[in-house]
Amino acid sequence: MSELDREVRVRKDVLRVFNLRRENFATLREYNDYLEKVEDIIFDLAYSNDNEVKLKRQREIDEFKQVNKNLIAKNRALQENEYKQKKLEEERKLMEAEERKEKEAVHKHLQEITMQEKQEEKAASTSFMGIFPSQLQKRQPAPKMIIQTAEPYSKLSKEDQRRFERAAGYSASFVLERANQEAYRLVL
């Protein structure tokens, strides 16, 4: 095990016990002394070759653990809660960024469609230039609906429905296909 790996492992073990916060001390000086003591313990446990020094530091850790048992548990719970809140905030930011990108993509797509429609309208309006109203055919009135006395479509057999759909050039699958195309077009 390398020195760095040993120090990381020792630091992790020591900081599980020595997890007091600035709020737990009356003055900043006391807090800084505490932090210095923690670093001294970590250094001695990670790099000292003297077993007596290591045993002395281990006893200090055990004594501190006994004296501050409740405070250590409270601070550990606070650390876990802060970690969870930090993760939730990161996830929220990621989701907001994804939503923003999605909205931008949809907005860009709508702009492209609008631009394309404007170009098509412009092309259509210019194609009628030079045609006089007298050259245009008059519109025929729409045919009147004939009342059918046949059975409603829904009461026909499936085979007859398919036959009528083919004859009319219509199929229910066209509707589904068209809906899928429009949905994917909006996503892209």
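This is a predicted model: local features need pLDDT of at least 70, side-chain atom pairs count only at pLDDT 80 or more; totals for chains, interfaces and linings use all residues.
Let's start with the overall layout. The protein chain has six helices and zero strands, so the pattern along the sequence reads α-α-α-α-α-α. Of its 188 residues, 16% count as buried. The chain exposes about 16,800 Å², with carbon and sulfur atoms supplying 55% of that area. As for contacts with a separation of 6 or more, 55% of them come from residues 24 or more positions apart.

Now to the aromatic side chains. How many aromatic pairs does a search of the whole structure find? The search turns up seven. One of them brings together phenylalanine 25 and tyrosine 31: the ring centres are 5.5 Å apart and the planes sit at 55°, so this pair is tilted. Phenylalanine 25 is buried, at 17% relative accessible area, and tyrosine 31 counts as buried too, at 18%. Tyrosine 31 also pairs with tyrosine 34; here the centres are 6.4 Å apart and the planes are at 25°, so the pair is stacked. Both tyrosines belong to helix α2, residues 28–47, and are three residues apart, about one turn of the helix. If you'd like to find the whole group on the screen, Phe18, Phe25, Tyr31, Tyr34 and Phe64 form one aromatic cluster.

On to charges. Side chains of opposite charge can pair when their charged atoms come close. The count here comes to 11 salt bridges, and I'll show you a few.

In helix α1, residues 3–17, arginine 16 and aspartate 13 lie three residues apart, and their side chains meet in a salt bridge at 3.2 Å, N to O. Arginine 16 is partly exposed, at 42% relative accessible area, and aspartate 13 is partly exposed at 36%.

Next come glutamate 82 and arginine 21, which meet at 2.9 Å, N to O. Why does this pair tie together parts that are 61 residues apart in sequence? Because glutamate 82 lies in helix α4, residues 69–127, while arginine 21 is in the loop between α1 and α2. Glutamate 82 is partly exposed at 40% relative accessibility, whereas arginine 21 is buried at 15%.

Helix α4 also holds glutamate 89 and arginine 92, about one turn of the helix apart. Their salt bridge is 2.2 Å, N to O. Glutamate 89 is partly exposed, with 31% relative accessible area. Finally, salt bridges with shared partners join Glu7, Arg11 and Glu39 into one network.

Key:
Residues are numbered from 1 along each chain as its sequence is written. Side-chain values use heavy atoms; hydrogens and water are left out. Helices (H or I, at least four residues) and strands (E, at least two) are DSSP runs, numbered from the N terminus. Buried means under 20% relative accessible area, exposed over 50%, partly exposed in between (1.4 Å probe, protein chains only). Contact means heavy atoms within 4.5 Å. Accessible areas come from the Shrake-Rupley method with a 1.4 Å probe; for residues, only the protein chains shown count as cover. Rings of Phe, Tyr and Trp (its six-membered ring) pair if their centres lie within 6.5 Å; planes under 30 degrees apart count as stacked, over 60 as edge-to-face and the rest as tilted. A salt bridge is a side-chain nitrogen of Lys or Arg within 4 Å of a carboxyl oxygen of Asp or Glu.
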